[in-house]
Amino acid sequence: MFSTAKMLVLSLALLCLLPYAAGAEGAVGVADASGAQGQPLSEKQQSIVLISAYTATGELDKLKTSLAQGLDAGLTVSETREILVQLYAYTGFPRSLNAIHTLMALLDERKKDGIKDDPGREPAPMPKDLDRNRYGAETRARLAGQGTVPPAAGYQLFAPAVDDFLKEHLFADIFYRDNLDWQSRELATVSALAAMTGTAGQQRFHINAAMNMDLKEDQLRALFGLIEKAAGRERAEVSLKVLDAVLAARGK
């Protein structure tokens, strides 16, 4: 016969197993991003996805909520601010600046409420003698999974000034900043592009880059599950088609 104490322990153990069973039964095509057991994306990563998506769509009330969730999940102020800096290159200055002002107001509110957010660290300064054009070209090649910088082609020949801006500013000035790792930068970029229209070509490059930065297929599917909630089914479906094309090209 079991004692009352033993029965209580057994009951608690069975209750602990219920979430695992529910997770197995509730599997769907697009990975659930609820933060349950087995979730491919961490809470910080989920926050980055939503912060980026709402920056892109300009939904500032939802952005504010996502920023707070990110800070609560462990994003530092420096990392959070850097996500918004990164995104100006993809969403434009107006969206980025609106997001930065939203973060500033949120931090003031949290400070008044006695919440002490981790400031994080500032990025290391760029050496004055760095060849930004070469560094940017090598960064882009590394993100693309290329061992060497390929010769210029396409728009790079037609509009070399744009190519120089991309290499020297985006892939050098911004990517050199080491207060946000490259995987997080690509997670933010893919999320913002997925929430926007007309960006399938850019998504293809950055989904591939995200995988080269060790983001896995299940994590990207979870990302697009969040995009469905943030920007609608159509945006998620477009992104999933791009993901499938990238996977096919990579031989998976």
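Modeller: Start with accessibility: buried means under 20% relative accessible area, exposed means over 50%, and partly exposed lies in between (1.4 Å probe, protein chains only). This is a predicted model, where local features need pLDDT of at least 70, side-chain atom pairs count only at pLDDT 80 or more, and totals for chains, interfaces and linings use all residues. Residues are numbered from 1 along each chain as its sequence is written, and side-chain values use heavy atoms, with hydrogens and water left out.

Colleague: Why is aspartate 214 called partly exposed?

Modeller: Its relative accessible area is 45%. Aspartate 214 sits in the loop between α10 and α11. Its phi is positive, about 80°, although aspartate 214 is not a glycine.

Colleague: What makes alanine 230 buried?

Modeller: Its relative accessibility is 9%, and the cut-off is under 20%. So alanine 230 is buried. Alanine 230 belongs to helix α11. Helices here are DSSP runs (H or I, at least four residues), as strands are (E, at least two), numbered from the N terminus.

Colleague: With what is alanine 230 in contact, leaving aside its neighbours within four places in sequence?

Modeller: Contact means heavy atoms within 4.5 Å. On that basis, alanine 230 is in contact with Leu50, Ala53, Tyr54 and Glu59. The C-alpha atoms of alanine 230 and valine 49 are separated by 9.4 Å, though these residues lie 181 residues apart along the chain.

Colleague: How do you know whether threonine 80 is buried or exposed?

Modeller: Threonine 80 has a relative accessible area of 0%. Buried needs under 20%. So threonine 80 is buried. Threonine 80 is part of helix α4. Leaving aside neighbours within four places in sequence, threonine 80 contacts Ile51, Leu67, Leu71, Leu75 and Leu103.

Colleague: How many helices and strands are there in the protein?

Modeller: Twelve helices and zero strands. Buried residues make up 39% of the 252 residues. Of the contacts with a separation of 6 or more, 74% are between residues 24 or more positions apart.

Colleague: What makes a nonpolar core?

Modeller: A set of buried Ala, Val, Leu, Ile, Met, Phe, Trp, Tyr and Cys residues, joined through side-chain atoms within 4.5 Å. The largest has 43 residues, of which Ile83, Ile207, Leu220, Leu223 and Phe224 touch the most other members. Helices that each supply at least two residues of this core include α2 (43-57), α4 (77-91), α10 (200-212), α11 (217-231) and α12 (233-249). Apart from it lies another core of eleven residues, among them Leu170, Phe175, Trp182 and Met213. In soluble globular proteins, nonpolar side chains tend to be buried together.

Colleague: Why are α11 and α12 called roughly antiparallel?

Modeller: They pack at an angle of about 160°, with their axes 7 Å apart. Axes are lines fitted to C-alpha atoms, for helices over the stretch in contact, and angles run from 0 to 180 degrees between N-to-C directions. Under 35 degrees counts as roughly parallel, over 145 as roughly antiparallel, 65 to 115 as roughly perpendicular, and the rest as oblique. Therefore α11 and α12 are roughly antiparallel. Their crossing is right-handed (the near helix is turned clockwise from the far one by less than a right angle; left-handed if anticlockwise).

Colleague: Which classes do the residues of the contact of α11 with α12 divide into?

Modeller: Eight nonpolar, one polar and six charged. Ala, Val, Leu, Ile, Met, Phe, Trp, Tyr, Cys and Pro count as nonpolar, Asp, Glu, Lys and Arg as charged, and the others, Gly among them, as polar.
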